[in-house]
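Good morning, and thank you for joining this group meeting.

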Amino acid sequence: INRVRDNLHIILCMSPVGEAFRSRCRQFPSLINCCTIDWYMEWPAEALNSVSQRFLSSVNLGTEEVGSAVAAMCVDIHISVTETSDRFFQELRRKFYTTPKSYLDLINLYMSLLAEKREELGTARDRLLNGLFKLDQTNQVVAEMKVELGALQPVLEQKAAATEVLLVQVAKDKVDAAIVEEKVSEEEAIATAQAKVTETIAADAKADLQEAMPAMENAVKALDSLNKGDITEVKGFPKPPPLVQMTMEAVCILLGEKPDWDTAKKLLSDANFLKNLYDYDKDNIPDTALKKLKKYIDNPEYLPDMVQRQSKAAMSLCMWTRAMDVYSRVAKVVGPKREALAEAEASLAATMAQLKEKQDQLQAVQDNV
């Protein structure tokens, strides 16, 4: 350990530039008291010149004379800064250090600025050359176009004369188009008015049908709920309750059969009984059947709720008969409206066909324009 201690040497290299060196000397006094301080003097001019030539040898400066001059310039700048720093210290007592690292930074700064400026000049040169090339190309194209224009001059004069004739024709076609367009506008106004009338008639008929549709839908749902057991239940009455009897008589009247219980049982025994009710021609119910049905409809006891108390299946049939009555009454009102709607739709279709023909004529004229 003693031998290591006697022979161990630690070398600390510090730069005097900045506050770090002074701070470390104050914080660690042993750096001064227990160390041998070697002060390295500044490089001489020959060393500075050798270093600058060594670094600048990798840069293309054109000739050796230029390289030597640039190296000498770096030496002069460094020496002048050093002398100015000494004078600055003597006058203001402020020390400014110039170290070898500062000299190397000066050389690297020159080399980086030289590379940057060379790149900028190279870019500007390329842009200039590209611009000159484009100008030359443009001049060639312009010369060719002048020759072509000279050759096309007679053709242009001919086209100009033809254009004048075409403008006269276009003016005439515009007048014709305006006349056709006016007629088409009149036809469109007529078609729009007829369409509104048709929509009004259709809406009116639809509103009347809406009165009957809920009853029809409820009747269909009621028929959907019936099954063979329900039909057997009604058919199984030896002597049906009064409201069941009334319901089946109403069904017989609508189906064009004799309104009695024996006939009703025969209808119930038919395998297609429910299908006949579903497919019943409700739009063509005979007036005689409706007159006979009216006394049942006007009966205050002939209501689905009251019929249900005696037979659930009969209630569904009661709803069906009442729905047929409502639908027939509404159909009498809607029938003429449907005929009027059909006539209006036919008239509208004819008008739209004429309008389409006029529009095609207008389009043809406009295409010519």
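The residues that line the second largest pocket divide into 5 nonpolar, 3 polar and 4 charged. In this grouping, Ala, Val, Leu, Ile, Met, Phe, Trp, Tyr, Cys and Pro count as nonpolar, Asp, Glu, Lys and Arg as charged, and the others, Gly among them, as polar.

Before I continue, a word on the source. This is a predicted model, in which local features need pLDDT of at least 70 and side-chain atom pairs count only at pLDDT 80 or more, while totals for chains, interfaces and linings use all residues. Residues are numbered from 1 along each chain as its sequence is written, and side-chain values use heavy atoms, with hydrogens and water left out.

Let us stay with the pocket. Rolling a probe the size of a water molecule over the atoms shows where empty space is left. On a 1 Å grid over the protein atoms alone, a pocket is an open set of points where a 1.4 Å probe fits, with protein on both sides within 12 Å along at least five of seven lines; lining residues have an atom within 4 Å of a point. The second largest pocket holds about 210 Å³ of space, a volume being the space filled by probe spheres set on the grid points, which are joined across faces, edges and corners. Its lining includes N227, K228, I231, T232 and K235, and also F273, L274 and K275. Two or more lining residues come from each of α7 (228–235), α9 (261–269) and α10 (273–278). Which of these gives the largest share? That is α7, with 4 residues.

Now to the fold. The protein has 13 helices and 0 strands; helices (H or I, at least four residues) and strands (E, at least two) are DSSP runs, numbered from the N terminus. Of its 369 residues, 26% count as buried. Buried means under 20% relative accessible area, exposed over 50%, and partly exposed in between, with a 1.4 Å probe and protein chains only. Among contacts with a separation of 6 or more, 73% join residues 24 or more positions apart, where contact means heavy atoms within 4.5 Å.

I turn to single residues. T321 is found in helix α13 (residues 312–368). Is T321 buried or exposed? T321 counts as buried, because its relative accessible area is 0%. Not counting residues up to four places away in sequence, T321 touches A250, V251, L254, L293, I297 and Y302. A polar atom of its side chain lies 2.7 Å from the backbone oxygen of C318.

H78 belongs to helix α5 (residues 64–92). H78 is buried too, with a relative accessible area of 12%. With the sequence neighbours up to four places away left out, H78 touches L48, T98, T99, Y103 and L106.

A191 sits in helix α6 (residues 100–224) and is buried at 4% relative accessibility. The C-alpha atoms of A191 and A350 are separated by 9.5 Å, although the two residues are 159 residues apart along the chain.

Finally, R93 is placed in the loop between α5 and α6. R93 is exposed because its relative accessible area is 58%. Its phi is near 55°, a positive value in a residue other than glycine.

Key. Polar contact = N/O pair within 3.5 Å; in protein donor to acceptor, adjacent residues only side chain to side chain.
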